[in-house]
Amino acid sequence: MTEKPLFDDIKNELIAQGRDAKEIEEIEKAYLFAKRLHDGQYRISEEPYIIHPVEVAKILVGLKVDNHTLMAAFLHDILEDTDTQPEEIEKLFGKDVLTLVQGVTKLGKLQFKSKEERQAENFRRLFIAMASDIRIVFLKLADRLHNMRTLNFMAANKQQKIARETLDIFAPLANRLGIGRIKAELEDLSLRYLEPDKYFEIAQLVAQKKIEREATVKLLIEKISQDVKKSGINAQITGRAKHYYSIYSKMKRLNIAFHDLYDITAVRVIVDSEKECYEVLGLIHSQFKPIPGRFKDYIAMPKGNMYQSLHTSVIGPRSKPLEVQIRTWEMHEIAEYGVAAHWRYKEKGSQKANNPTDIQFSWMRKLVEYNKEETSAEDYVNSVKLDLFSDQVFAFTPNGDVFDLPVNATPVDFAYRIHSEVGNKTVGALVNGRIAQLDTKLHNGDIVEILTSKTPAPRLDWLNFVVTKQAASKIKQWFKKNNREEHIEVGRSNLEHELTKAVFDEYSKSGEFDKVAKQMNYLSAEDLFAALGYGETTLNKIVNKLKKPESTRTPEFHASTHKKSEKDIVGLEGMLYSIAKCCSPIPGEPIVGVVTRAKGVTVHRIDCQSLDHIEPERLMDIKWSGDNVHKTYNTSIRVETCEKLGLLKDIIAAVSDNNTNINYANVKSKSGKIGIIELGIELDNIDTLKKVILSIQAIPDVYSVKRIQSSYSTPKPARKNNGKTKKKPQKS
């Protein structure tokens with residue numbers, strides 16, 4: 001392939017966009033420079049490498065980016081794949097172009113513990129660079145889009161990895177920037193490699209319904225066209241099937257089949273003015289019956305990525321439901337190109353994404369804030385994915401200020417978004433004028449008023465329901481700075497209870513806790529205990545890092561370290577929790593969580609007597625995960641027998657025959673004729689317990705076998721005494 005045809009398409013489009021000859025000449029200079037340096041290099045597809053930067057540049061020409069971004073598109077792999085030095089790029093093309101190239105260049109020969117750590121650091125660099133100059137993300141999205149278009153040449157495992165990364169980070173990023181056409185293509189291509197069977201099934205079904213769909217859409221378009229012409233409105237009306245990933249997501253979200261979807265087709269009406277949008281909406285609703293609850297006004301309430309349109313679903317011709325989108329030409333350009341249509345760069349000096357006046361993209365400033373708060377690249381990327389790439393909810397203060405929050409955000413998230421001090425002093429909230437619980441999920445348009453106290457007093461159990469990383473981080477920070485001695489005591493007590501006192505004391509003497517503290521980036525064992533006390537880390541994480549002492553290989557230690565995996569219980573992932581001694585729940589029986597003030601969540605059987613006095617708002621809906629294989633749990637049973645020599649031996653044998661360990665046995669007499677045997681047993685689930693009970697009941701001279709519920713009860717929160725918290729021993 002010769003040089004001229006490769007650049008010709010780009011040159012023709014640039015001329016059509018009105019770029020002057022000197023600008024085009026500079027862009028071509030960058031192309032020729034890249035062509036020379038990439039000469040002899042080939043992609044996995046065996047095509048010349050220069051085709052990749054050319055295709056990236058074509059995508060960016062379509063977004064109408066500035067000249068420097070196009071030059072950087074041709075040069076974006078130069079620093080990584082050739083021996084060219086940054087100084088040469090700056091000398092030939094200027095500092096601005098060099099900055100863009102460096103912004104998308106991956107990390108070089110720095111040493112990392114793993115590929116995951118390297119990739120996380122790549123993303124951290126990308127996000128921070130993007131926050132200072134948005135053009136960098138245009139380059140990265142175009143680069144990723146062309147790589148996805150040619151992903152079929154990669155090995156299957158790499159296809160899956162790259163597609164997952166694209167779906168988790170790059171497609172949401174395109175969405176947040178409002179670049180609809182790139183978002184849709186990235187999602188569809190990701191689906192093709194992550195769920196190929198679903199992708200081709202949907203593609204086939206969409207194709208099969210094409211003729212029927214087009215006929216229905218044609219009738220609707222004809223009817224709308226007649227009405228808008230009579231009203232003197234100039235409109236372009238088109239119909240299209242929704243993209244495959246959108247269909248797949250809806251099928252999965254609603255758990256329905258393709259044939260149950262009624263809005264896989266959308267009709268788009270583009271008019272000249274906002275006023276005409278509402279006029280067309282009225283015309284459509286007067287002719288076709290609107291479906292209740294399916295109207296959305298994104299013109300009056302734009303999305304955070306600047307998207308504006310009217311959406312309505314109606315019963316169209318042939319009684320087929322159809323979605324109709326109505327927008328102006330300006331809205332359409334923003335819907336397709338997003339921030340790329342909003343930003344137009346001059347040749348010298350780019351506009352910055354962190355300009356305080358650009359409120360639509362205030363989320364970009366958070367990218368820098370997260371970098372200050374998170375210590376590791378992995379934590380940073382997870383924070384960005386959690387907060388910035390989730391669906392949005394827009395809530396208002398009583399004064400009309402709007403805050404964007406992730407879906408399922410609560411008044412506490414809202415309070416910390418206003419200011420950390422507001423969050424720390426929160427005692428209640430009014431949502432739309434009514435008192436609401438602090439764990440209430442907010443919806444679009446809610447007006448939230450935060451009620452505060454004079455002194456800060458956040459609650460540790462807020463961590464159970466806040467969804468923003470910002471809120472969780474600020475709550476943990478407050479507890480980290482306050483009540484340190486109490487947290488050390490709580491953490492030490494919980495760890496001692498988990499390991500048993502003998503094991504805990506041995507670790508303390510050997511200095512093992514100090515070693516683990518340093519491994520987990522704490523200065524001392526006391527800092528580690530404090531972190532456990534206020535919920536920054538978990539028992540499971542600490543126990544997994546402890547070196548098991550040779551002299552304490554007891555069944556009790558084995559059981560306790562294996563029974564509290566973070567995957568044991570659905571609903572408590574990553575949270576500090578303990579199994580209640582009062583009822584000793586085991587897998588297979590219904591359970592409920594009780595939020596405590598300082599010990600995280602205590603897990604009880606749902607019929608536990610101690611729950612009678614627990615406030616409903618402290619209860620959590622949880623269940624066993626089913627991943628409890630090879631883990632054991634303790635419970636106790638009471639056996640009533642006749643007084644007979646050797647009966648205890650038979651009962652112990654019956655327990656052992658069911659592969660169940662006995663932790664303790666207590667024998668006593670009742671009325672001189674009845675023997676009472678209490679056994680502490682270690683088992684894996686409720687079915688094993690039932691087998692043990694049946695085996696014991698089958699022994700002659702055994703009157704009854706019952707599960708014991710002890711007199712332990714869940715403690716009440718400590719009362720404040722003269723400004724100080726008095727700590728009481730915790731029993732559950």
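Predicted model: local features only at pLDDT ≥ 70, side-chain atom pairs only at ≥ 80, totals over all residues.
Q: Is strand 5 largely enclosed or exposed, judging by its residues?
A: Strand 5 covers residues 310-315. Of its 6 residues, 5 are buried. The rest of the structure therefore surrounds this strand, which makes it largely enclosed.

Q: Which residue of strand 5 is the bridge partner of lysine 289?
A: Strand 3 spans residues 289-290. It pairs with strand 5 in the antiparallel sense, over 2 bridges. In strand 5, the partner of lysine 289 is isoleucine 315.

Q: Which residue in strand 6 is the bridge partner of isoleucine 315?
A: Strand 5 and strand 6 run antiparallel, joined by 6 bridges. Strand 6 takes in residues 321-328. There, isoleucine 315 has as its bridge partner proline 321.

Q: How many residues apart in sequence are the parts tied together by phenylalanine 7 and phenylalanine 74?
A: The two rings form a tilted aromatic pair, 6.1 Å centre to centre. Phenylalanine 7 lies in helix 1 and phenylalanine 74 in helix 4, so the pair ties together parts whose separation in sequence is 67 residues.

Q: Is the ring pair of tyrosine 298 and tyrosine 307 stacked, tilted or edge-to-face?
A: The ring centres are 5.9 Å apart, and the planes meet at 70°. Planes over 60 degrees apart count as edge-to-face. So this pair is edge-to-face.

Q: What is the relative accessible area of tyrosine 307?
A: Tyrosine 307 counts as buried. Buried means under 20% relative accessible area. For tyrosine 307 the value is 12%.

How values were computed: Residues numbered from 1 in each chain as written. Heavy atoms only, no water. Buried < 20%, exposed > 50% of the residue type's maximum accessible area, 1.4 Å probe, protein only. Helix = DSSP H or I, 4+ residues; strand = E, 2+ residues; numbered from the N terminus. Pairing = 2+ DSSP bridges. Phe/Tyr/Trp six-rings, centres within 6.5 Å; stacked < 30°, edge-to-face > 60°.
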